[in-house]
Amino acid sequence: MWGWTTHVALAFFIVEALARAAVGIRVIMRRAPVAVSLTWLVVLFFLPVVSLVLYVLVGEPRLGSRRSRKYEQLTRRVEEEAVLHWQRAGLVQEPEQEPERSLARLTTSVTGTPPLGRNDLELLGTGASVLRRIVQDIDRATSHVHVLQYIWQPAGTAVDVGEALIRAADRGVECRVLVDDVGGNDFLRSELRERMERAGVRVVAALPASAVRMLLARVDLRNHRKVCVIDGAIGYCGSQNMTDETFKYRKSRRVGPWIDATVRLRGPAVQALQTIFLRDWMMDCEEAPAHVEEYFAVPAPVETGGSIVHVVPSGPGPHADAIHQALLGMLYGAREEIIITTPYFVPDEAVKSALINAALRGVDVTLVLPDVLDATLVAAAARSHYESLLSAGVRILHHLEGLLHAKTATIDRRFSMVGSANFDMRSFWLNYEATLFVYDPDFTSRLRFMQRHYVNESHPVDLLAWRRRAFLRRFCDNCAQLLNPLL
């Protein structure tokens, strides 16, 4: 006779198996990319119980039905009013030449927002010097300062930015700060935040994470954007968080200092960054500005010339794959040269195929990655792609002078991208990102000069030596590749 424990165990086994089968059917019916679906099916087969917990936590890019409805209801009008404003003011400008014009039209289709002309762009370096420049602009603010960050280091030069916001609030400037609840955990619990709030700076946590929210929405979907808007006239966008050279510097692991690329903007494209901030602010804060148009005063465009800039946001919601689609358009439009820098390189098959296709067409493709990364599993997954890329003629270099955190691409010395999005599936589909697509040979030349500096600080990966690596290392890297869709 079976005891009651045996009956309970058998019932649990049957229920768990049926649950995994149901989740497997859901995975198939969602029609996600094949690699993603296959990964989840393998995980469901080999990891009983654990796989169900994983799928509940990170299986689908859900924000929760209430949050999704709130996002659409509260923020859609901001984007619509901004586009109408740009059209009436004659700020919309398409590139005149191909393939830039086709890329601009593709990007407009996937984002719903157009490229804006006559912008002045200044390419900045990295670390404390960038933060000091932000402090200078905040100290001159007269109307408002809007800051959106993934990480805010409550130490070093980043504290000076907080002090500048306190000074601005003291003289009556509206100051709003939105920091991701996970990435900015230290700042949100710091004494600096308390002092900023006492001075009148509004500080809000983006995408709050908690045990309860884990049951309703994916807590690993993060706001990874790095945006600052000052008086609607000056904007910052790039890869640098509110951090300086002391952030996560660890000599023992040869990680650091982090090396970033940031763009300071003046001109109409600042309004597109403003749109991103206002939509995110309204989603995470009960405050909905009554007169949104007040934040869209036309900034003075460059007198003559200037850069055409497409500000491209992406993330769960209406524009989930915007950066991914625009990047593919860039890669397939290349005719002579592609240079890419990124810290986290876990491409999907579409991006990987586009890089291989470009190399086989005779395009000079260069990929610059950090020699040592702070994420071991991601680094292993990246290495699993090296052999097929190297075999096609893609040049891969490892940067030696710090953790290269700049996310940039230049194409044919004519157009380029720089922003917060990594070349991985998390940035393509899961995180909220903001990237600038710039149709301007002059700016692209400046960005390419920065990239060439990174190249000179790097060493190439040799195909023959790569193939001779120990079997165990190659096996571990290939195992990590199986988790690509989950990274």
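Good morning. Among contacts in this protein (heavy atoms within 4.5 Å) between residues at least 6 apart in sequence, 82% join residues at least 24 apart. The structure is a predicted model, in which local features need pLDDT of at least 70 and side-chain atom pairs count only at pLDDT 80 or more, while totals for chains, interfaces and linings use all residues. Residues are numbered from 1 along each chain as its sequence is written, and side-chain values use heavy atoms, with hydrogens and water left out.

The protein has 18 helices and 19 strands; these are DSSP runs, H or I of at least four residues for helices and E of at least two for strands, numbered from the N terminus. Of its 487 residues, 57% are buried, meaning under 20% relative accessible area with a 1.4 Å probe, protein chains only.

Let us turn to one pair of helices. The axes of H5 (residues 100-111) and H11 (residues 322-333) come within 9 Å and cross at roughly 170°; axes are lines fitted to C-alpha atoms over the stretch in contact, with angles from 0 to 180 degrees between N-to-C directions. H5 is therefore roughly antiparallel to H11, a term for angles over 145 degrees.

Which residues of H5 meet H11? They are Leu103, Leu106, Thr107, Val110 and Thr111, which meet Ala322, Gln325, Ala326, Gly329 and Met330 in H11. The residues of this contact comprise 6 nonpolar, 4 polar and no charged.

Histidine 324 also lies in H11. Histidine 324 counts as buried because its relative accessibility is 5%. Leaving aside residues up to four places away in sequence, histidine 324 touches Asp348, Ala350, Val351, Phe428 and Trp429. Thank you.

Conventions: Parallel < 35°, antiparallel > 145°, perpendicular 65-115°, else oblique. Nonpolar A, V, L, I, M, F, W, Y, C, P; charged D, E, K, R; others polar. Buried < 20%, exposed > 50% of the residue type's maximum accessible area, 1.4 Å probe, protein only.
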